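Please open the structure in a viewer and keep the selection panel at hand.

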Amino acid sequence: SDPWPQLRRRSQPKPLDHGHDPGQRRSLNPPRAYDSHSHPPTAKRRGSHPTMPIAGGNGAPAAATDHAVASSNSTGRAVAYGAKVPGSVERLEVSFSRVAGAQPAAPAVSIDGEVRLSYAALESMAAAIAARLASAGVKPGDFVGVFMHRDETLIASLLGALKAGAAYVPLDPIYPKERVGMMLEDAGVKAVLTSSDFAASLPTLSEDTAVLLVDGDDDADGVRGPSNEDAKALDPQDLAYALFTSGSTGRPKAVLMHHAGAANTVAAFGRALSYGPGTVSLCLTTVCFDISVVEIFGPLCHGGCIELVPSEVARDGVALAELLGRIGPVDVFSATPASWRMLLEVGLKSPQMARFGITAGEPLPRDIQPAMVAAVGRLINAYGPTETAIYATFAEISDPTAPVTIGATLDNMVCCVVSVDTGAVVNVGDVGELLIGGIGVADGYLGREALTAERFVEGPAGAERWYRTGDLCRLRPDGNFDYLGRIDAQVKIRGYRVECGEVEIVIAQAVPNAIGQVVVVKDAARDALVAYCASPSRVDTSDELAAWTEVYDHAYAQADAINADPTLNFSGYGNTFTPGAVHAVPTVREWVEGTVARVETAAGGSPRRILEMGCGNGMIGLRLAALASTEAYYGADISEEAIRYVRDVVERAARGEVPKVPRNVAARFAGLEAGVGAHEAARFANANLDCIVCNGVSMYFPSLRYTFDVVQAALDALAPGGSFFLGDVRALPKHEHFIAGSRFHHAAAGRKWRGGGRDSQGQDVQLVEPATPAKDKAVDLSAAVARGLAREKELLMDPAFFAAIAGAGEGDGGVPRLRGCGGFRIDLKRGAIDSEFSCYRYDVTFWKATSDVPSPPPPACPELATWAGLAAARDALTAQAPAAIGWHSVPDRRLRHDDELIAALRAAPRDATVVDVKATVDAAVARAQASAAAPC
């Protein structure tokens, strides 16, 4: 069991999006601003959304924007509400039937400009299909698969399933049979609607699944279909469809969407795009993609006509351009940017291809933005995950060169930006994860309760449930949202959402023991998924110890920092600020000598019997062994390469060949062991140890649970009164400073950060590429910082964690207390040289109790006093003469530049460049230095 439900996370760093009040005390174990919430995976809903009307009214995009601005500016928080449109909830097929009754002769479906079905004919065919489904045993709440060619029978089948009270599960005939079978199995469909030419392509189905052929000549066969009154009696909160998307587990997952959410989006876009009788809307997208819901039901629920594009035409840019040329301009054209590009590349130049053009499914590429704006009367950029009823925001793009936003919140929806760290709502302009709430939030994932609980959550006031999008966004003061990328590894390719993990799992199944990583390669010619595969490692990758041994052996074997002083071999210590190069010798020397001095102080000035866990190349150990008080030194490391190096230095020193290590110091080395993890101090329990050191390795610990075990094992192995020094802990509260500072360092120097890895020769490298600071935008730098924070793989810890495990009572928030801990101390790293060693890390020292008597609880925290400067503090302390004092919120001069950088990035206008930010930061630092208080 995990006693740290919140603290267990590796790194949920605080990006450029703080939402805390300045005076608020941050608890050690802050509850997330949202918790898990899910609905059972059935087509008949077992819960209900808050009543939110959707039909009627005259809501316009401007109304949503105005509301968003008002709500944002009134609180300063990044929450934006769409316009609340009065009216009642209506199911999709009910809206269609109402329109069909009002205009039975109007065209409903056309193909290649030829009307195939009127509203009356479509209503009749759909009713007949519903009747056949009912006679096959389909009841309200069941799932019905739709495996059809793209013709009028497809549209009738979708409506027929809805009229039967079922939720439709769209299946594309181009999918592999195995994938179709997987989808049908997961959905547990009661029936499948298909045609005679596709029936043979279906996978083997269970005996309980009916297969109904729909070939365009259906009638009710004497069975009465559901009437309009029957349909009205069905619950608008029931499911309308289940759409399968890529799943990171290797199996696609079905999003469960209810009528109310889908109808809200259809109604909102009907108002925004002026759908009505006579409107012609191109239906280009596969029904397995959620954009098709608006393409189909947008026209049908408002009296318009669907121009249904056959599959072979939709995939051929030339054929699609020819179709548009034959039928003339349409009223609404929706497509992914990939389809837009396909049309533009074949020379489509019509300035009136459509009255409205919608781009959705992936970010709008800036290189084709001018041509897209020119091709339609009005261009709409729409955004929304499948989990939030197709679209959640949209914006009109009228300027062919202006930066693109994803727009304002849709009617009856609410969007907010929260901290990736705490889940708290951030300020307007700050970057964080976008949460979406309101009537369009889906019920969850079919049969995936754990995933539903993870992604559909309770959250800030304003919505009962929220969907965590995983998208990095920020709310602008004008009420529009900027999309800045993903937090995770999910990608979009040609409009399709792809979990790279799903592809990687298939690769792993096909090539046992292979290590594969899937990425998207984008260039002017194509977007493609590319898989990089490595041969199986020579080590057992299931054995974490063996895996880390190989990593460290490789790092130490690089020998990229061996110099004239064999006691200062810092090979493998890469410098984040100088990619491809290690730190400078003075920096490392100061760090090493400062660490040794602190260990000596922690041990009362005279450590005698010392154990170092993770001794590495011996930089700390060789100096500890040289202390006058040292009687015996034991070194242990996971790496055989490191131990081999130290052992060689000691053996040469014993022969008098290493002037830096006298022979008597070499004699103090009592043992050097390889293959030892940091948690295995018990191996040395009989060595009568009074000092244990573990420096510079905690960032590679797998979890907080492991960290606790390391500390506990060290205390157990110590003699009473002994000290355990855990050094160089990466500071979670300072991680934002580190990422922002390092990314800015590269950006200002004309380099873009692209992560790290190994080159073809197996050498570790940190990847950067040329940049143009005078042109690169500050908003892109902010997004890079946020991604760097979210994707951190090392373990960063808040000092409050150590206070909790060493504290009194039963621990804070269920965190257990260390056994036998007599005290602890947390110290900032010291150093005259500003480096990533000194600025962003800290040391923790624990002392073993001298008896079995529990330590007394710490004194209660007194009232906090605020002093305006050093002089006021001096006067207060002189007058009160307290026995002890604690300091809070004292700024660190070494981080002044980073503090100003973070502030500048938050305040930067959208068109600000990296050079602009640098000028702002430099000026702020200069002002701070000029006004620095004199010592008192």
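Is Cys301 buried or exposed? Select Cys301: with a relative accessibility of 9%, this residue counts as buried, since the cut-off for burial is under 20%. The model is a predicted one, and the values given here are computed from it. Select Cys283 next; its relative accessibility is 1%, and it too counts as buried. A disulfide is a covalent bond between the sulfur atoms of two cysteines. The structure holds zero disulfides.

**The whole chain**

The protein chain contains 27 helices and 35 strands. Of its 936 residues, 54% are buried. Among contacts between residues at least 6 apart in sequence, 70% join residues at least 24 apart.

**The nine-stranded sheet**

Now select the strands of the open sheet, which has nine strands in the order β3-β2-β11-β10-β12-β13-β14-β15-β16 and mixed pairing. The edges are held by β3 (114-118) and β16 (408-409); each has a single partner strand, so one side of each lacks a neighbour in the sheet. Helix α11 (residues 337-345) packs on this sheet, where it touches β12, β13 (354-359) and β14 (376-383). The direction of α11 makes about 115 degrees with that of β12.

Within the sheet, display β10 (residues 280-283) together with β12 (residues 330-335). These two strands pair in the parallel sense over two bridges. Which residue of β12 is the bridge partner of Leu282? It is Phe333.

**Nonpolar cores**

In soluble globular proteins, nonpolar side chains tend to be buried together. For the largest nonpolar core, which has 92 residues, begin with Leu122, Leu133, Phe297 and Leu300, the members that touch the most others. Centre the view on Leu122. Beyond its neighbours within four places in sequence, Leu122 is in contact with Phe96, Ala108, Val109, Leu117, Ile155, Ala156, Leu159 and Leu300.

**Salt bridges**

Side chains of opposite charge can pair when their charged atoms come close.

- Select Arg455 and Glu433, whose side chains meet in a salt bridge at 3.7 Å, N to O. Arg455 lies in helix α13 (residues 449-455) and Glu433 in strand β18 (residues 432-438), so the pair ties together parts that are 22 residues apart in sequence. Arg455 counts as buried at 12% relative accessibility, and Glu433 counts as buried at 3%.
- Select Asp478 and Arg476, which form a salt bridge with their closest N and O atoms 3.5 Å apart. Asp478 counts as partly exposed, at 31% relative accessibility.
- Select Asp827 and Arg825, whose side chains meet in a salt bridge at 2.8 Å, N to O. Here Asp827 counts as buried, at 12% relative accessibility, whereas Arg825 is partly exposed, with a relative accessible area of 48%.

For the last stop, select Arg598, Asp728, Lys829, Arg841 and Asp843 together. Salt bridges with shared partners join these residues into one network.

Notes
Residues are numbered from 1 along each chain as its sequence is written. This is a predicted model: local features need pLDDT of at least 70, side-chain atom pairs count only at pLDDT 80 or more; totals for chains, interfaces and linings use all residues. Side-chain values use heavy atoms; hydrogens and water are left out. Two strands pair if DSSP finds at least two bridges between them. Helices (H or I, at least four residues) and strands (E, at least two) are DSSP runs, numbered from the N terminus. Contact means heavy atoms within 4.5 Å. Axes are lines fitted to C-alpha atoms, for helices over the stretch in contact, and angles run from 0 to 180 degrees between N-to-C directions. A salt bridge is a side-chain nitrogen of Lys or Arg within 4 Å of a carboxyl oxygen of Asp or Glu. Buried means under 20% relative accessible area, exposed over 50%, partly exposed in between (1.4 Å probe, protein chains only). A nonpolar core is a set of buried Ala, Val, Leu, Ile, Met, Phe, Trp, Tyr and Cys residues joined through side-chain atoms within 4.5 Å. A disulfide is a pair of cysteine sulfur atoms within 2.5 Å.
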